[in-house]
Amino acid sequence: MKLTPELIERSLSYINSVKDRELDLRAEHGRNQIFLVKRISRKTSSHVLCKGNKIPAIENLGVTKDLNDTIDLTDNDIRVLGNFPLLRRVRSLLLANNRITRIDPQIAEVLPNLTTLVLTNNNITEISDLEPLAECKRLKYMSLLDNPVTRKQWYRSWIIWKIPSVRVLDFKRVRDVERKEAKQLFETAKGEPTSLARSISETVSKTFEPGEGMAAAGGANLPKSNLPTLGMSIEEQAKIREAIRNAKTLEEVSRLETLLQSGHIPGTGRQPGDFGQGENEEMEE
């Protein structure tokens, strides 16, 4: 069922328990049922709720005229968190039990006051898929429980570092010691991202996009690495990425950083540019 202006207009809008106006696109109320909504004082905030309609995409929310504090799209069939109009009033988005795999890079621009985001039980797979949320400067409460991404090794630490405004993640309060450890993992003394941070950022999820891979045969669509190549071959770069991903402690990450800075390739004992030495030696003989 599409999220049409008619569906939005006939959906329940009410003041919830925390005094927010809530638009209900979540519960299936019946096609012809008419809802009576009490008039709301100007001093009372508002919240919007939506469920069970199997809505495939977010659209037409401009008809709400930005009169809501929360939009609840729980239990639908949404794939992309995006396509919002500018909604300055919205502070909370509830999208549990959908099929979201991607987040619109412009989400912070259209939802500038987003504070709470519930994405429980969706299909976000890679940590880098959460990059757009780093621009949501007022985001304090997040839930990503039951997403594949939560099984990634550095998931919680990366979010704490990348989105410093977050206070509660997956219903667990963020502690000061976690912030300190995350900064040590992902940020150098000069304030630049570490190799681990860069490796995570360049790992993209394997979701299909229309036209993706069409030019792969010619090499035009091949992804580019963000790691400095330093004259390394593709195989050497792959070994470095694998070593960084498999690091389990802060000490291992620091050791890999030191090796890379000194020009050594983990797992090979070689330095960039050493390839071809064997052939040169044979030619000299």
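Modeller: First, the setting. This is a predicted model. The chain has eight helices and 11 strands. Of its 285 residues, 41% count as buried. Among contacts with a separation of 6 or more, 56% are between residues 24 or more positions apart.

Now the salt bridges. The count comes to 10. One of them pairs Arg91 with Asp20, with the closest N and O atoms 3.1 Å apart. Arg91 sits in the loop between β5 (80-81) and β6 (92-94), and Asp20 in the loop between β1 (12-15) and β2 (21-24), so this pair ties together parts that are 71 residues apart in sequence. Arg91 is partly exposed, at 33% relative accessible area. Asp20 is buried, at 10%.

Another salt bridge joins the side chains of Arg79 and Asp77, at 4.0 Å from N to O. The cut-off for a salt bridge is within 4 Å. Arg79 is partly exposed, with a relative accessibility of 39%.

Then look at the helices. Arg156 and Glu178 meet through their side chains in a salt bridge of 2.8 Å, N to O. Arg156 belongs to helix α3 (residues 155-162) and Glu178 to helix α4 (residues 176-186), so the pair links parts 22 residues apart in sequence. Arg156 counts as buried at 19% relative accessibility, and buried means under 20%. Glu178 is buried too, at 13%.

Finally, back to Asp20 and Arg91. Through salt bridges with shared partners, Asp20, Asp69, Arg89 and Arg91 form one network.

How values were computed
Residues are numbered from 1 along each chain as its sequence is written. This is a predicted model: local features need pLDDT of at least 70, side-chain atom pairs count only at pLDDT 80 or more; totals for chains, interfaces and linings use all residues. Side-chain values use heavy atoms; hydrogens and water are left out. Helices (H or I, at least four residues) and strands (E, at least two) are DSSP runs, numbered from the N terminus. Buried means under 20% relative accessible area, exposed over 50%, partly exposed in between (1.4 Å probe, protein chains only). Contact means heavy atoms within 4.5 Å.
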